[in-house]
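Biologist: Could you take me through the surroundings of the ligand, please? I would like a close look at that one part.

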Amino acid sequence: MKRIKLWDKEFEISISEGKIQQAIKKMADQMRSELEGKEVIFLCILNGSFIFSADLMKELELADAEITFLKLASYSGTQSSGNLKELIGLNENLQGRNIVILEDIVDSGFTIADVVRQVKGKGAADVKVATLLFKPDSLKTEVSLNYIGLEIPNDFIVGYGLDYNGRGRNLKDIYTLVPD
Ligand code: IMP
Ligand code: MG
């Protein structure tokens with residue numbers, strides 16, 4: 001098994017590039033049949049979803065797709081509370097629009113639940129979620145995931161957009177942390 005070292009940690013390949021691309025093709029087929037003919041804005045959650053979003057969008061080939069990008073930042077100062085994140089860089093008017101949020105991974109689910117709540121709060125008509133990866137055993141809140149690429153065990157992973165302390169995002173395959 002191929003291994004890599006990022007900072008102080010060892011990772012072992014767990015999901016090959018081929019398996020990732022196959023999962024994306026399957027998601028794209030499902031999404032195309034449900035979204036064809038609709039005007040959709042895809043919201044790519046940076047940084048982790050950048051590679052997934054690019055590959056999915058190319059595979060999907062929807063004529064009327066708009067793609068936009070946003071970052072999540074923790075609220076500063078007195079507003080800081082728990083998991084609440086501020087959406088940064090979202091300038092589009094979402095009023096009455098069909099939204100598909102593109103996320104790299106759903107772990108506890110708090111992040112995506114918060115993004116969905118805020119996007120709905122901006123008046124979107126329909127909000128769907130597409131996540132490449134889902135850790136079902138890790139879920140701690142109620143979320144509705146419309147499109148899931150792969151369900152994975154509750155282990156820390158890197159690659160294909162996902163990082164460990166800023167490194168590993170550029171890897172083609174996905175790697176799992178090897179316990180010390
Ligand atoms: P959640 O709010 O717990 O669902 O976490 C979602 C976010 O945590 C993801 O968007 C990732 O940025 C990060 N994350 C969760 N699991 C992993 C992992 O295994 N590797 C790298 N980042 C992860
Ligand atoms: Mg993320």
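Modeller: Happy to; here is the ligand site, with its contacts and the elements around it. This is a predicted model, in which local features need pLDDT of at least 70, side-chain atom pairs count only at pLDDT 80 or more, and totals for chains, interfaces and linings use all residues. Residues are numbered from 1 along each chain as its sequence is written, chains are lettered from A and ligands numbered from 1 in the order in which they are written, and side-chain values use heavy atoms, with hydrogens and water left out.

Around ligand 1 there are 15 residues, and Ser 108, Gly 109, Thr 111, Lys 135 and Ile 157 come nearest (near means a heavy atom within 4 Å). By class, this shell holds six nonpolar, three polar and six charged residues; Ala, Val, Leu, Ile, Met, Phe, Trp, Tyr, Cys and Pro count as nonpolar, Asp, Glu, Lys and Arg as charged, and the others, Gly among them, as polar.

Strand E6 (98-106) and helix H3 (110-121) each supply at least two shell residues, and E6 gives the most, with four. Such elements are DSSP runs numbered from the N terminus, helices (H or I) having at least four residues and strands (E) at least two.

Now the polar contacts, pairs of N or O atoms within 3.5 Å. A polar side-chain atom of Lys 135 is 2.8 Å from an oxygen atom of ligand 1, while an N or O atom in the Asp 104 side chain lies 3.1 Å from an oxygen atom of ligand 1.

Conventions. Polar contact = N/O pair within 3.5 Å; in protein donor to acceptor, adjacent residues only side chain to side chain.
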